[in-house]
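Look at the chain first, then read on.

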Amino acid sequence: MSADEIRAASRFLRTTGQHAVIEPDAFTEGGYVLSIGGAEQSHVDLADPADIFYEYLRRIGHVVDLAAPWGEPVTALHLGAGALTLARYIQATRPGSVQYAVELERELLDFVLQQLPLPEGTQLQTVIGDARESLATLPPELGFDVVILDIFSGPEAPEHIACTEFYQEAAARLTPRGVLIVNVGDEPGLTLVRSQVAALRRAMADVAAFAETSMFAGRQPGNIILTGTQGPWPYAWTAALTARGPHPAKVLAGVELDVLSG
């Protein structure tokens with residue numbers, strides 16, 4: 001499919017009543033941008049799926065890197081599909097991984113897969129529906145090494161998902177080494193981040209927060225990545241994530257995270 005064909009591609013999303021558009025990224029060779037309702041939502045580099053453009057998605061990718069030995073296949077569940085940037089990343093860095101993606105917008109998932117095909121060999125099952133309801137319909141014997149939640153931000157966070165009970169249900173689907181990763185987009189004051197740290201702490205054995213250093217001051221909007229583990233937070237991960245960036249990077253865990261605990 002040529003760049004000109006993708007430039008003209010758009011799809012009406014019936015659930016939200018918005019238009020999704022996919023067009024080439026003028027600054028990245030092989031890159032494409034998915035916008036919904038005029039706002040950039042995802043970036044995909046078809047030429048190099050392991051290269052993640054958006055900062056917060058790169059941070060999630062770095063957490064996934066630590067969830068299992070490098071290059072080893074994992075089972076991954078994506079709650080919120082977007083342009084499947086992280087699914088492409090996992091396939092590129094961990095070939096043979098088995099992945100599931102849940103997306104509320106049927107038209108969006110069809111549109112993305114049509115316009116931006118997945119790399120050859122990707123094992124991805126797609127599920128259309130609400131994240132919490134869909135979680136309960138997945139095969140009960142299926143466990144995930146990585147569950148990634150990337151579907152809400154700020155005051156628009158749906159209450160039935162941004163809560164301890166949902167995190168407990170998601171945690172129950174993890175393998176013994178599995179981690180639960182939650183992207184929280186928030187406004188100054190970090191009200192949602194604080195509530196989600198508290199909720200996640202009630203569902204998981206330990207929790208850490210990973211973000212650009214200035215985000216923790218709570219004076220600007222942005223994204224903070226929360227990671228729930230089933231045992232004590234591995235402090236070697238703090239050093240690894242801080243070193244990997246994007247810079248400047250900071251990880252809060254243990255008592256340091258108490259400042260964001262509700």
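Ala-208 lies in strand β10, residues 206–212. Helices here are DSSP runs of H or I with at least four residues, strands are runs of E with at least two, and both are numbered from the N terminus. This is a predicted model, in which local features need pLDDT of at least 70 and side-chain atom pairs count only at pLDDT 80 or more, while totals for chains, interfaces and linings use all residues. Residues are numbered from 1 along each chain as its sequence is written, and side-chain values use heavy atoms, with hydrogens and water left out.

Is Ala-208 buried or exposed? Ala-208 counts as buried because its relative accessibility is 2%. Buried means under 20% relative accessible area, exposed over 50%, and partly exposed in between, with a 1.4 Å probe and protein chains only. Leaving out residues up to four places away in sequence, Ala-208 touches Ile-225, Leu-226, Thr-227, Trp-233, Val-251, Leu-252, Ala-253 and Leu-257. Contact means heavy atoms within 4.5 Å.

Now the cores. A nonpolar core is a set of buried Ala, Val, Leu, Ile, Met, Phe, Trp, Tyr and Cys residues joined through side-chain atoms within 4.5 Å. The largest has 43 residues, and Leu-77, Phe-152, Tyr-167, Leu-180, Val-182 and Ile-224 have the most contacts inside it. Helix α7 (residues 191–203) gives the most to this core: six residues. A second, separate core has 30 residues, including Val-74 and Trp-237. Back to Leu-77: among the residues that Leu-77 touches, not counting those up to four places away in sequence, are Tyr-100, Leu-135 and Phe-144.

Two helix pairs come next. Axes are lines fitted to C-alpha atoms, for helices over the stretch in contact, and angles run from 0 to 180 degrees between N-to-C directions.

| Helix pair | Angle | Axis distance |
|---|---|---|
| α6 (residues 164–171) and α7 | about 45° | 8 Å |
| α2 (residues 55–66) and α8 (residues 235–244) | about 140° | 10 Å |

In α6, Thr-164, Tyr-167, Gln-168 and Ala-171 meet Gln-196, Ala-199, Leu-200, Arg-202 and Ala-203 in α7. By class, that contact of α6 with α7 has five nonpolar, three polar and one charged residues. Ala, Val, Leu, Ile, Met, Phe, Trp, Tyr, Cys and Pro count as nonpolar, Asp, Glu, Lys and Arg as charged, and the others, Gly among them, as polar.

In α2, His-62, Val-63, Asp-65 and Leu-66 meet Trp-237, Ala-240, Leu-241 and Arg-244 in α8. The contact of α2 with α8 divides into five nonpolar, one polar and two charged residues.
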